[in-house]
Amino acid sequence: MKVRSCIVLSLCAMTAAAHAQGVSLDSCRNMALRSSKSIRMADEAVKGAEYTKKAAFAAYLPAIDAGATYVYNQHKINLLSEDAKLPTMIFNPLTGKYDYNVLIGLDGKPVTDPATGTPIPEMVAVIPKEAMSFDTRSVFAGAITLTQPIFMGGQIKALNDIAKYAEEALVATRNNVSQQVVYAVDEAYWTVVSLRAKQKLAESFVNLVDTLHYNVNAMVEEGVATRADLLSVDVKLNEARIMQTKVDNGLSLSRMALAQACGLPVDTQMTLADEESQGIGTEMPDYAYNMEDVYARRQDLEALRKGINVLQGQEKLALGDMLPKLGIVGAYTFSTPNVIDGFSKKIGGGFSVGASLTIPIWHWGGNYNKYRAAKSATNAQRILLEDLEEKVQLQVNQAKFKFQEAFKTYDMALSNMKSAEENLRCAEIGYREGVLTTNDVILAQTGWLQASSEKIDAEIGIRLCQVYLSKVLGTLNAGN
């Protein structure tokens, strides 16, 4: 909020400083570019894409992770349900083998167990139950792992390419937004200039009709004009004042729209540098262009081209699912209890290093179809680009013809203006000589008003057509 307030204050200060000599079109453009929320949103999107590109590059580097686990078990582990008694063996030198040490009866035969019929050992080795019991009720384990990808089917490079082209596409989109902001400001600027000229024209017309009203009123008092003549002039004077009010209101609203486009409060009072301009040159500039250069400059097409590169990266990602993947894994694991050197309740651990290789063999065409779907999306985007380039070519030709038409309209408006001025002069002389009527003078004044208004519209039309042609040619300066 503080940053926004500082921006508004600085813009207001710049506006106040430039108020004396009039705010130029470039100043309005700069204020709009600095304050536009659309551009600020686009800038944030570009920043996000830059961070995404850095994140994609990190996939080339080894990843280090740490993890830990704690588990509480209700029971400890007992490998024996009771003490184990194991028979022993003794070496027989006659056979060279080990024989079980069994109990021999008086008859010289082994004594057997009546229940099972197996010989009874003379001696046994006892394994106590407690010796094979392990307290695993509280188990804690942890690991620190390092993973280094070696070959991932080209997917890491594809991710980096996607992030790179996505950032460039967003930069082109940001530039296109800037051009749209400049174009909107130019339209608002020249609308103010046009309405200011029409305001002065309306004032002149009111004065012109009011002068006629004064003269007719004097003639009525002298008896050389009728009351009907005065009423006709009264009606025209009221129409002129109503038109003047509408123009004044329209000018106030257009100034508010321009201030808002520049990021200023709507009640900001600005005097524009071109408000007092006395017409424009009638020579049309030479707009020679090469369509390939136009395609290269157009930021909307550039964003689409970068989008095609992003889709090509998606193809490589899909292709990587069908290729082998190789990586190296290193880890240090530790736990308590541990069985590194017998069962121990102390924390113990060690290092391990390994390699992981994954080779896709058969997925019922799933990965291949995903790859073909990515290629189809890329082809569709290429077709869209070709279609838009054709439309841009038509758009450029239409803008150029419209620009040429605006100059022809301006020439005809100048000619009509001269004729209307001469017609008005002759009507006023004829009225004074008594040859023409009041209605003739009113018609001449109305014709002069229409011709003057058409001349203003033609002048502003040239300005707007020039801005539009620059926009479609991609030469509109928007501080890209």
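Which residue takes a positive phi in the hairpin of β4 and β5? The residue is G96, with a phi near 75 degrees, in a hairpin that has four residues between its strands. The model is predicted, and the mean pLDDT of the protein chain is 88.

**Confidence in the model**

- In the protein chain, 93% of the residues reach a pLDDT of 70 or more.
- Over residues 1–20, by contrast, the pLDDT is below 50. This stretch has 21 contacts in the model beyond near neighbours in sequence.
- Where pLDDT is low, the predicted coordinates should not be read in detail.

- Strand β4 covers residues 89–92 and strand β5 covers residues 97–100. The two strands pair in the antiparallel sense over four bridges.
- N92 has K97 in β5 as its bridge partner.

**The four-stranded sheet**

- An open sheet is formed by four strands in the order β1-β8-β9-β10, and their pairing is antiparallel.
- The edge strands are β1 (63–72) and β10 (348–358), each of which pairs on one side only.
- From one strand to the next, the twist averages 20 degrees.
- Strands of a sheet pair through backbone hydrogen bonds, either parallel or antiparallel.
- Strand β9, which spans residues 325–336, pairs with β10 in the antiparallel sense over eleven bridges. In this pairing, G330 has V353 in β10 as its bridge partner.

**Helix packing**

- Two packed helices are described by the angle between their axes and the distance between the axes.
- Helix α3 (residues 37–57) packs with α4 at an angle of about 170 degrees, and their axes are 9 Å apart. Because angles over 145 degrees count as roughly antiparallel, α3 is roughly antiparallel to α4.
- The residues of the contact of α3 with α4 divide into 13 nonpolar, four polar and six charged. Among those that meet are I39, V46 and F57 in α3, and L159, L170 and V181 in α4.
- Helix α4 (residues 155–222) also meets helix α7 (residues 299–320): their axes come within 8 Å and cross at roughly 165 degrees. The angle therefore makes α4 roughly antiparallel to α7.
- The crossing of α4 and α7 is left-handed. Ten nonpolar, eleven polar and six charged residues make up the contact of α4 with α7.
- The axes of α7 and helix α8 (residues 366–433) lie 8 Å apart, and the two helices pack at an angle of about 170 degrees. These two helices, α7 and α8, are therefore roughly antiparallel to each other.
- In the contact of α7 with α8, the residues divide into 13 nonpolar, five polar and six charged.

**Backbone features in the loops**

- Most residues other than glycine have a negative phi, and most peptide bonds are trans. The next two points describe backbone features to compare with that background.
- The peptide bond from T336 to P337 is cis, with omega near 0 degrees. P337 has its place in the loop between β9 and β10.
- W364, a residue other than glycine, has a positive phi near 60 degrees. W364 is found in the loop between β10 and α8.

Terms used: Residues numbered from 1 in each chain as written. Predicted model: local features only at pLDDT ≥ 70, side-chain atom pairs only at ≥ 80, totals over all residues. Heavy atoms only, no water. Pairing = 2+ DSSP bridges. Axes fitted to C-alpha atoms, helices over the stretch in contact; angles between N-to-C directions. Parallel < 35°, antiparallel > 145°, perpendicular 65-115°, else oblique. Left-handed = near helix turned anticlockwise from the far one by under 90°. Nonpolar A, V, L, I, M, F, W, Y, C, P; charged D, E, K, R; others polar. pLDDT = per-residue confidence, 0-100. Contact = heavy atoms within 4.5 Å.
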